[in-house]
Structure formats: C-alpha cells, structure tokens
Amino acid sequence: MKRRVEKGNVFVTPAIIWVFVFTIFPLVYSFRVSLSRVSYGKITGFAGLSNYMRMFGDYRFWGTLRFTLIFVLISVTATTFLGLGLALVFNRKMRGIKLFRSILTMPLFTAPVALGYLGVMMFYEENGPINVLLRYLGMGKVPWLSHPWWATLAVCMVDVWQWTPFAFIILLAGLQSISDEIYEAAVIDTSSGWAVFRHITLPLIAPVLGTVLMLRLVDAFKVFDVPFSLTSGGPGTATRTLTFYIYTQGLRNFDLGYASAMAYFLLAITMVIGTLFFRKYRELYE
Amino acid sequence: MKKLGVLVSILVILGLLFSFSVLWAQEGASELEIKTANEAFEKADKGNPDPAWKGQKLTIGVYSAGPRGAISGPLYFWRPYFEKLTGATYDIVEIPFAELREKIFTDLMTGTGTYDIIVGPSWFYGDYISNDWIIPSDKYLNDPRMPKWEPESILPPLQELYSWGGKWVGFNNDHDGQVLYYRRDILSDPKWQEEFKKETGKDLPVPPKTWEEVYEVAKFFNGKDWNGDGAPDYGITMHLKVAGQGFFHFMALSAPYVVSPAPGDDPKKVTRYHNVYWFDPETMEPLVNTPGFVEALNMLLKLSKTGPSAMWGWSLGEAWDAFLRGKAVITFSWGDVGSLSQLPDRSVIQGKLGVAPIPGSEKYYDLETKQWVEKRNFVANTVGASWHGVISKFSKNPDLAAYFLSWQATAPINHWNVVWGWTGVDPGTLYDLLQPTGKATIEEYVATGYNAEDAAQFVNAYEEMWYKYPLKQSYLRIPGTPEMWEIWDIHLSEAVTGQVTPEEALNRTAEDWNAIIDRLGREQLKKIYQEAIGYKPE
C-alpha cells in the first residue's frame, strides 16, 4: 500500500511542479511587482500600495473599467440568449441539420484578432458591406468605427458573432441530454410551449446554462483581441477594455508595477462577480 | 504510411509557399526597377567587405508592411545584392506598427540581442540614448571596410534626427515631413475659380498658403461633384483614427500657431518662449494646452468637417486612398502620397498633382507676451518617423550590421529607394532635390514613371519647406516620447469625435504628460530636452 502511494506521488510531482512554476510563481512574482516601482522592466524600489492607490485617481482606469462592464453585460447576455435560441431551433430532426450546425460553429474556430480585422472591412463606413446593405434598405450611413457608441456596438457584435456558437454547442448538448419522455409527459398537462420551456427545459439545462454564463463572463472580462484589432480602443478610449489598458501600461509603457496592480484588481472583480453569480445561481436552481 | 505521405506533402507545399513569399520581392519587380537597381548597385560604393563575414547572418527588425510594402520592402529587394556582395545574409523580422515598441524595447531592455539592426522611428531615440542601447554610426564613418555615405547630404532639419550631441547615431534612409497635396487640375480650373469667387467673394488661393485658406478651399469643394462621377466628393481627407497616426496631422497643423520667432536679429534663436513647441525648457511644463494649441485643435475640428465623417476612423491607407482615387481635393501628409500618386495601380491623379509646403497660420501665440500676434507664420516640420536603421548594442555582429546600413545609406541606393514610391522611403537629401539646390534632375524621376510637373511640384515643395521656411518645429526625442504621443493621440481622438472639448482634451494631455515626466524624472528629462532643442539657460 505504502509503495503504491509513493508511486502515485512520483506521477503527481510533474503536475505539482508545473503548477508551482507556471501558476504560483508568476502569481507571487506579479504581486511583488505590483508593490514595486518598475522602470524599463527593472524593479527599482518598494512602492507599497501606491500602485493600487493610483488606480483610484486615474480617470482612464475608470473609463476602461466602465467600457469593460458594458461590454461584458451586452456580450454575455447576447451570446447566451442567441445561443439558447439557436440551440432550441436546431434541437430537432431536420434535413441538413448537421451541415447547418457545422456552419454555425465556424466563427468559433477563427482567431479573434482575425475576426477583428475582418470587422474593419465589414464595418468600413464608406463602402463596407454592412453600410451598403443598410443603404440598400433605405437607412443612413452608420458611423460604426468613428462614433463612441456605434464603435462599442461594433466591438460587441464581433464578439457575439464569435462566441454565440460556443453557447449554441454547449446548450444544444444540454438540450439533447433531456429525455423525450419528459416532454411527452409534459404535453399531457399543457399545450403551451412557453410553459414547457419555463418549467421543464430551463430547469433541466440550468447547470449547463450556468456553465456557459460563467465561462462567457470570465472570457468577456479578459477580452483584448477584438477591440485591439477592430478599433484600437478608439475613438479616444471609448472601446478600450481594462485588459487593453493593462497591456498598454505594462508592455508598451513598461510601467509593470501599475499594470500588475490593475491586473490584480481585474482578478479580484472577476472572482467577486463569479462568486456572487454562482451563489445566486445555486439559490435559484438547487 | 499514407498519413506520413500527406504530412510530407503538406510540409513540401508550405516550404514552397515560403520560398515563393521570400522570392516575391524580386519577382514582383518590373524590368525597369531591376535595370535601374542594377545600375544603382554598380554605382554605389562597396567599401571592402571583410571575407570573414561570408556565411554569417544578421537579423533586422522592421515595421511590418510586407515584401513590397513601405520601409520593409527595400530590405527584401536588396537582400540578393547584399548576399552577392558579402556572402552573408539577413533575416527580416516584420513587426506590426502597434507592437514595435514592446517588441524592440523588450529585446533591448533584456539584452537578448534578437535584432542586430532596428529599422525604427526617430521617436525611439530618447530611450535608445538614455539607456545606451545603440552603437552610434559615427564609429564606422571612417572605417575602410564600410561603403562611403554622405551624412552631410541629408538636409539640415533632418540631420538632427540622425545625430545626437553632435555625433551621427543613425544611418541615412527615410526622411519624413508633411506637406500639402492638392488637385492642381481642379484648383487651377477657371470654372471652379469663378464659382469660388462667386460663393466666397475671394480669389481661389492656388495653392492655399495658410490653414485658414485650406479650410476655405476644403469647405467650398466638400459635397460638390467636382470630379464628375455623379456623386458628391470631399474637400479634405485625413487619418484621424486613434493609433492611426492622426496626431502627426495635428503636430504639423499646430506648429505655426505655437512656434513663434525670437525677437531681435536671429528669429531662429531658441529661447524659453520662442522656437519651442513641446515644453517650457525651464520647467518642463507641457505647452500642449496653451492657446496656440487650442486654436490649432479648433482648426483641425473645422477641417475634419470638410471631409468624410468616416475619416475619424481612418488610418493612413484609407486617407491616402481617398485622395489618390480622386475623391478629395486636398490632403496633407508625407512624401509617400507624392510617390504613390505616380503608380497607376494606386492612383488616378497622375499628372494632376499639386504639392506645396505645409501651410502656415494667419496668427501665432507669443508665449512671452501671452498675446496673439496677427501676422502670418510659417514653420517647417519633420513630423513622422523618418524610419532608419540603428545598430543594437547587443548585436553579435555589429560590423556586418554597420556594413549593410552604410551600403544602404549610399547615395545611389538611397536615391533609388526614394524614386521608387512603393519603398516608402521619402526624399530628404541633396541628391533627391532638383538642381541647382540639389543634384537630381527631373529626368531621373521621369525615368521611373513620374509625370514631370508632378515630380517638380513634389520635390520643390520639400525644398521650399526645409530650406526657405523661416522657422522649424523641434522633434521630441526624450525618454517616454512614445508614451506621451500615444496619450496625445487618444485625447485628440476624444476631441475630434466630440467626447470632450478641445480645451479638455489638451488639459488632459498636459496632466498626463506631467505625470509621465514626474515618473521618469523631471530634472533628467529637462536636461535631455534642453540639449535636444539647443536651449541654453540664460
């Protein structure tokens, strides 16, 4: 028995080393950096909490945080609703359904930065396909990339375009795991589709839905590639996310102390929101 | 076995694609390009390459524009010649514009030495010098192994960008400064001149000399179908997207409102209040929110309404394209527009190009008296990158790197790059200017496809700006410059898109610049700034 335990330890050791080297050490080191003065990548002294205090007086930090929250709200809500809607539509026997599913999931396998650059062409204000279509429909030219609110919408739309298939695949798997017998029994009690959805489908896919929401939430807080490639965070800083700002401060301006402090702040708010969300979610469905 | 076969086939295809992409720079060249390049190669001094260099390899980090694109293109084009000359070769590492700083500075900060040569922008110098990251070119000027190039041929305002503390630090290549481009055919058309007079009561200025005149012309033509394609056209085109280098537009536009001549015999003398643009040299307090800048930003906003609203989201390419496609009557930009206008696949305006030095202003703000002076003011600029090579201190083969850069800096090779527009190398040496001031002839330009009148307008505009303008705008070369410019760019974008007022945008810029100055050390920056602009405290 003892020898089996020893053997087991040997197998676990690489994983422990991996976690220490690639997770614990960077975490501890970046925390140290967040408490330091850093110039051109070199720690030049202890800064105490000044990097953390600096955030509170930095209007650019609050601006990027505000945009990040708006983005998370719009993007997570839209991807989840659209993904659920599509999953409900495709959760039935139809001709060519496999082909449709495959096509629908394609954006998921594209690099976000490539979608961002594709978005530049799609949203091009002069003769981009979207504005040409809108013009054809008798609508005016939309300033997709040069107006703060339209640019916000454009960034959200590209993200929704990419991530809706993710929600769709997971939720479709959830829907397909529900036994047909349950629905057959339900239709004896009610003929209302909404009632079946509300009282049968939704509670049964709730764990899957929770997973989708949680993963999307975490991912949306980290978004970087799409605003970077689509709008460069502009106009002004209208579409600059917190991760974009952290990247700029840390890797362009080499102000690593401040960048690390902001990264810790982002980690904290993601954890707080995640914890609150799960607590509420458990209350609702457990 | 079958799977292995598929894998091998894929690898072979990828290998072939890679080889084609490497060869493309030469393959895509026209016969005339090759012929003139061969002549330039024969004419250029070759020094005495060290036989020990045979088989060695350099790595060059450069702004990414591809094998036929600006600045990176010539590196691909000349590589076979360099291999023939030395038996050595080089890898070209293309870095996207937005990532230049982190890639290059990280390499230099950590002493990794990935890049032997960095073909970068001039605004990196503050950091290069203060951190001792580069080997000055001065060291190699009299080395008998090196091809002879002529630093003195670089025009005086640009020489400052290639030197530091009286020593040459960079190797001659690109020369940036913004000038005014306009449609010569439209502005000199009697029909439009008459309509302009009727509408404004003034004569149509050809070319517009001040920003106020530029505004009147752009406003008049905006929304009119002046190119006869049945759709309304634009007055002006600019690149105003954040991170789209729009702040260079503002830099060039604001100079005459801000830079004032010194009283007395020498109007060019740098004093605390005169011939300064960036900071008060006594306190390092930013001047960016002084009335001259505010007036200039209001002018930029007015101008931005005389073109497509889409240009608030445009980068360089889109803005140039609108002018080159004949949709805008005016733009102001670097030499690239002049050379691109001669390429039939990019432009419909060959033979119709008008070029003038950068406009001045009808008034300027005197920082000493804190009064506006109602007098025309003209200020030359060297805004932009003036992309050129420097040798990394961490290079494993600095001598070979110096050989390559010296050879590229020789007059025949550099001038060849200038006359072929796709290279992105802009004119700025005596051998680019026309005789009698310079050494070039109009035939040299015509031989590469230029329209004679376009070429004369193009080169003479630069000559007039850099030789005849009474004042010049200083270039910012202190540590932290890239960060300051990025912040400025963001705040200008906020103002242009109406998120904040011009005053607010410029106050925010000043506030942020002060924070950077305090973080990096005000006294240290002040010393470097004073040295860079030639200010001597009294």
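This is a predicted model: local features need pLDDT of at least 70, side-chain atom pairs count only at pLDDT 80 or more; totals for chains, interfaces and linings use all residues.
**Ground rules.** I number residues from 1 along each chain as its sequence is written, and I letter chains from A and number ligands from 1 in the order in which they are written. Local features need pLDDT of at least 70, side-chain atom pairs count only at pLDDT 80 or more, and totals for chains, interfaces and linings use all residues.

**Chain B, overall.** I looked up the secondary structure of chain B and found 20 helices and 15 strands. Helices (H or I, at least four residues) and strands (E, at least two) are DSSP runs, numbered from the N terminus. I then checked the radius of gyration, taken over C-alpha atoms; the globule rule is 2.2 Å times the number of residues to the power 0.38. Chain B has 24 Å, which agrees with the value near 24 Å for a compact globule because the chain has 538 residues. The C-alpha trace of chain B spans about 75 × 60 × 55 Å along its principal axes. Buried residues make up 54% of chain B. Here buried means 20 or more other C-beta atoms within 10 Å of the residue's own, exposed means 12 or fewer, and partly exposed lies in between, with C-beta atoms placed from the backbone.

**Strand S3(B).** I looked at residues 117-120 of chain B next. Ile117(B) and Val119(B) point one way, Ile118(B) and Gly120(B) the other way, and all are buried. S3(B) pairs with S1(B), residues 57-63, in the parallel sense over 3 bridges. Two strands pair if DSSP finds at least two bridges between them. Gly61(B) stands opposite Ile118(B). S3(B) is also joined to S14(B), residues 388-392, by 4 bridges, and these two run antiparallel. Ile117(B) stands opposite Ile391(B) there.

**Thr89(B).** I found Thr89(B) in strand S2(B), residues 89-95. Thr89(B) counts as partly exposed because it has 13 C-beta neighbours inside 10 Å. Leaving out residues up to four places away in sequence, Thr89(B) touches Lys57(B), Arg79(B) and Glu83(B). Contact means C-beta atoms, placed from the backbone, within 7 Å. Thr59(B) is 30 residues from Thr89(B) in sequence and 8.8 Å away, C-alpha to C-alpha.

I followed S1(A), residues 36-39. S1(A) pairs with S2(A), residues 42-46, in the antiparallel sense over 4 bridges. Ser39(A) stands opposite Lys42(A). The hairpin has 2 residues between the strands, and Tyr40(A) takes a positive phi near 45°.

Technical notes. Two residues are in contact if their C-beta atoms, placed from the backbone, lie within 7 Å.
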